[in-house]
Amino acid sequence: MSKKLTVSPSPHVRSKETTTGIMLDVIIALIPALLMSTYYFGLRALLLTAVCVGSAVLAEYVSRKIMKRNNTLGDLSAVVTGLILALNLPSSLPLWMGALGSIIAIVVVKQMFGGIGQNFVNPAMTARIILMVSFPTAMAHWVAPFAGSWSPDAVTAATPMAVLAGVEGGDISAVADALPSLSGMLFGAHGGSMGEVCSLALIAGGLYLIIRKVISPVIPLCFIGTVAVFMLITGKGSLEFTAYQLLGGGLMLGAFFMATDYSTSPLNKKGKIIFGIGCGLITSIIRIFGSLPEGVSFSIILMNILVPHIENLTTPKPFGYVKEKKEGKAE
């Protein structure tokens, strides 16, 4: 009996990795940050996370049904989107706003462009920006750690980024009393969104993803490194000012978990370097010169839009490739 020779187009790369396995690793990596947010903000943080995740899953199921597409809930991407969105929100945010954000992320940003792998911007980041523009008061209601967040009257606290916004030349002495200690920044004893307070948990999760080879370290290193260099220069060499900038805001969350999104970041190494540096520069410029104290969300979205151009410029040419000459104009 003769054997059939199967002929198929390239690429012929085979891997045991699955979308479900990758998403499960991301969920595992985010668990430390979720646990720390629950520790600081109470069960309200878990409730908001459950609403965001549940809404994302339901939105994906219903939208896929309406669009007559196959069910994709098993890949866990909707769970990851809901979880990342929740960690980008203040724990006191009304639950219906969190649900609305998840629906926007899944239906508008993801499914309307074809589903997983076809969205050109990060769904969770886009939804967060839309919520920021639509509900600025609720999105800026930062609850102090251990103050509870079941009531809108809960004790609030300015985020370190908001305090640092008035600092010039890296001299933080004038606002030192309003800032937490650097250890507090590392462990999360300060106000902010649920996922940005504990930098140590985010770093641990990011290292887990790198060790598991789910993400490449290139984008996070270039992103964080660019911010560090920029802040050292604008802060006139102040290591303390730079440390606060690195540990504050959503830098760690964005660098490890959102800028590395497969669908919206470059595939090759040169592209990743350009992407990471671009995110770092935009974040730094917004923080220092903009009217907003934080710029991670906007930097990632802007660089997402530029990814096709980055890919065109940095994708290696096949061996023997000859650029086609343009035909001359007819006389």
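**Cavities, pockets and the helices around them**

Student: What is the volume of the second largest cavity?

Tutor: On a 1 Å grid over the protein atoms alone, a cavity is a set of points where a 1.4 Å probe fits but cannot get out. The points are joined across faces, edges and corners, and a volume is the space that probe spheres set on them fill. For the second largest cavity this comes to about 30 Å³.

Student: Which residues line the second largest cavity?

Tutor: This is a predicted model, in which local features need pLDDT of at least 70 and side-chain atom pairs count only at pLDDT 80 or more, while totals for chains, interfaces and linings use all residues. Residues are numbered from 1 along each chain as its sequence is written, and side-chain values use heavy atoms, with hydrogens and water left out. Lining residues have an atom within 4 Å of a point. For the second largest cavity they are Met161, Leu164, Ala165, Gln245, Arg287 and Pro293.

Student: How does the lining of the largest cavity divide by class?

Tutor: The largest cavity has a volume of about 60 Å³, and its lining includes Met125, Arg128, Glu294 and Ser297. Ala, Val, Leu, Ile, Met, Phe, Trp, Tyr, Cys and Pro count as nonpolar, Asp, Glu, Lys and Arg as charged, and the others, Gly among them, as polar. The division is four nonpolar, four polar and three charged.

Student: Which elements give two or more residues to the lining of the largest cavity?

Tutor: Helices here are DSSP runs (H or I, at least four residues), numbered from the N terminus. Among the lining residues is Ser297, which lies in helix 14 (residues 296-314). The elements asked for are helix 5 (123-134), helix 12 and helix 14.

Student: Is Ser297 buried or exposed?

Tutor: Buried means under 20% relative accessible area and exposed over 50%, with partly exposed in between (1.4 Å probe, protein chains only). Ser297 has 5% relative accessibility and therefore counts as buried.

Student: Which residue has a side chain joined to that of Ser297 by a polar contact?

Tutor: Contact means heavy atoms within 4.5 Å; leaving aside neighbours within four places in sequence, Ser297 is in contact with Met125, Arg128 and Ile129. The C-alpha atoms of Ser297 and Ile129 are separated by 7.1 Å, although these residues are 168 residues apart along the chain. A polar contact is a pair of N or O atoms within 3.5 Å; within protein, one must be able to donate a hydrogen and the other to accept it, and residues adjacent in sequence count only if both atoms are side-chain atoms. At 2.7 Å, the side-chain partner of Ser297 is Arg128.

Student: Which residue caps the N-terminal end of helix 5?

Tutor: Buried residues of helix 5 include Met125, Arg128 and Ile129, and its buried residues pack against helix 3, helix 4 (95-110), helix 6, helix 12 and helix 14. At the N-terminal end, a side-chain oxygen lies 3.1 Å from the backbone nitrogen of Ala124. That oxygen belongs to Asn122.

Student: Which element gives the largest share of the lining of the second largest pocket?

Tutor: A pocket is an open set of points with protein on both sides within 12 Å along at least five of seven lines. The second largest pocket has a volume of about 320 Å³. Of its 17 lining residues, the closest to its centre are Arg128, Met132, Trp142, Pro293 and Glu294. The largest share, three residues, comes from helix 14.

Student: What is the volume of the largest pocket?

Tutor: Helix 1 (19-41), helix 3 (77-87), helix 5 and helix 12 each supply at least two residues of its lining. By class, the lining has 14 nonpolar, eight polar and three charged residues. The volume is about 520 Å³.

Student: How far apart are the end C-alpha atoms of helix 10?

Tutor: The buried residues of helix 10 (residues 218-234) pack against helix 11 (239-247), helix 12 (251-258), helix 13 (269-289) and helix 14. The expected span of a helix is 1.5 Å times one less than its number of residues. With 17 residues, helix 10 should therefore span 24 Å, and the separation of its end C-alpha atoms agrees, at 24 Å.

Student: What is the C-alpha separation of Met303 and Cys279?

Tutor: Met303 is in helix 14 and counts as buried because its relative accessibility is 5%. Not counting residues up to four places away in sequence, Met303 touches Ile274, Phe275, Gly278, Cys279, Ile282 and Ile310. Met303 and Cys279 are 24 residues apart along the chain, and their C-alpha atoms are separated by 6.4 Å.
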